[in-house]
Amino acid sequence: MINWQDKGYLLNINKYNENSAIADFFTKNHGKVSGIIFGSTSKKNKSYLIVGNKLHLNFSAKSLNVMGNFKIEIDKIN
């Protein structure tokens, strides 16, 4: 199990499912990372997910070969 926390800037976001999105972030300690954000269409998350915003990221994945998921919180609005 892979878990880490970091802060990063949202580079790109693409709708993936009805309530999910695949996002690319540029983070301080892990470089460019991609993952799924579940519940990205909720009122709370939708307002945060604007390209250029700085977010606090909690990342988790089962292994290195599998795309992980993010839990996000706003850090700084640009």
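This is a predicted model: local features need pLDDT of at least 70, side-chain atom pairs count only at pLDDT 80 or more; totals for chains, interfaces and linings use all residues.

Modeller: Residues are numbered from 1 along each chain as its sequence is written, and side-chain values use heavy atoms, with hydrogens and water left out.

Biologist: Over how many bridges do β1 and β4 pair?

Modeller: Strands are DSSP runs of E with at least two residues, numbered from the N terminus, and two of them pair if DSSP finds at least two bridges between them. N3 stands opposite S60 in β4. Strand β1 (residues 2–15) and strand β4 (residues 54–61) are antiparallel, and their bridges number 8.

Biologist: Which residue in β2 is the bridge partner of L10?

Modeller: Strand β2 (residues 20–27) runs antiparallel to β1, with 7 bridges joining them, and a hairpin of 4 residues connects the two. Within β2, L10 has as its partner F25.

Biologist: Which residues are linked in a network of salt bridges?

Modeller: A salt bridge here requires a side-chain nitrogen of Lys or Arg within 4 Å of a carboxyl oxygen of Asp or Glu, and the count comes to 2. D75 meets K7 at 3.4 Å, N to O; because D75 lies in strand β5 (residues 68–76) and K7 in β1, this pair ties together parts 68 residues apart in sequence. D75 also meets K54 at 3.9 Å, N to O, and since K54 lies in β4, that pair ties together parts 21 residues apart in sequence. The linked residues are K7, K54 and D75.
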